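Please read it alongside the structure shown below.

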Amino acid sequence: MAAAHGRSIPDVIGPNLRVLFCGINPGLWSGATDRHFARPGNRFWPALYASGFTPRLLAPTEQQRLLALGLGITNVVARTTARADELTKDEYRAGGAALTARVHAYRPAWLAVLGIGAYRTGFGRPKAVVGRQPETIGDTGIWVLPNPSGLNAHWTAAALAEAFAELRVASDPDPGPDSAAPPGPGDAPPA
């Protein structure tokens, strides 16, 4: 794990995605495995499933499957750290500029930044709140979601899934009669 400090991991990205999810930066576990949101206890993958973005609970080793679903993953800051508080404001601002360029190049319908602090600092929006943002990057809408880290105790797994589901409904290119309904209680991922 210590050897993973300061590394970066490849994005899961392609042109014209429905949603490009953007973490704050990779943790050491992710850096050691080259997988996004890889640390056990991170709630990103369960939130994707519980909100209806994925048809089943995917493991970090299956991250490339997201592309077929029109989803991708990147980070505001590429540098791997043990904790997000190791990042500087300058890194966030530079990461926001690099992310903006990436969004212009790949043109996802939505950019979902996973962490309100990362969005506020990286994009110079100190009063932003979780949810749909009034700003866009070109034609790309911006949505801020809570940080899915297990350390973010302010958001329960259910509330996190609900926040993700709001974006899923907004990003659904072909909403049918059941499009607003995430998986039922019997379909929920294990806690």
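Helices (H or I, at least four residues) and strands (E, at least two) are DSSP runs, numbered from the N terminus. By that numbering, R107 sits in the loop between α3 (89-106) and β3 (110-114). The model is a predicted one.

**Largest pocket**
- The volume of the largest pocket is about 890 Å³.
- Its lining comprises 39 residues, of which N42, A84, N147, S149 and L151 are the closest to the centre.
- Two or more lining residues come from each of the elements α1 (28-33) and α4 (116-123).
- By class, the lining of this pocket contains 20 nonpolar, 16 polar and three charged residues.

**Aromatic contacts**
- Eight aromatic pairs are found in the whole structure.
- W110 and W143 form an edge-to-face pair, because their ring centres are 5.5 Å apart and their planes lie at 75°.
- This pair connects distant parts of the chain, with W110 in strand β3 and W143 in strand β5 (residues 140-145), 33 residues apart.
- Both W110 and W143 are buried.
- Y119 and F123 are stacked, at 5.0 Å centre to centre and 25° between the planes.
- These two residues are four apart in helix α4 and therefore separated by about one helical turn.
- Y119 is buried at 1% relative accessibility, and F123 is likewise buried at 18%.
- One aromatic cluster is formed by F21, F37, F44, W45, F53 and F164.

**Positive phi angles**
- Most residues other than glycine have a negative phi.
- R107 has a positive phi, near 55°.
- N16 also has a positive phi, near 60°, and lies in the segment before β1 (19-23).
- N16 is exposed, with a relative accessible area of 58%.

Definitions and conventions: Residues are numbered from 1 along each chain as its sequence is written. This is a predicted model: local features need pLDDT of at least 70, side-chain atom pairs count only at pLDDT 80 or more; totals for chains, interfaces and linings use all residues. Side-chain values use heavy atoms; hydrogens and water are left out. On a 1 Å grid over the protein atoms alone, a cavity is a set of points where a 1.4 Å probe fits but cannot get out, and a pocket is an open set with protein on both sides within 12 Å along at least five of seven lines; lining residues have an atom within 4 Å of a point. Grid points are joined across faces, edges and corners, and a volume is the space filled by probe spheres set on the points. Ala, Val, Leu, Ile, Met, Phe, Trp, Tyr, Cys and Pro count as nonpolar, Asp, Glu, Lys and Arg as charged, and the others, Gly among them, as polar. Buried means under 20% relative accessible area, exposed over 50%, partly exposed in between (1.4 Å probe, protein chains only). Rings of Phe, Tyr and Trp (its six-membered ring) pair if their centres lie within 6.5 Å; planes under 30 degrees apart count as stacked, over 60 as edge-to-face and the rest as tilted.
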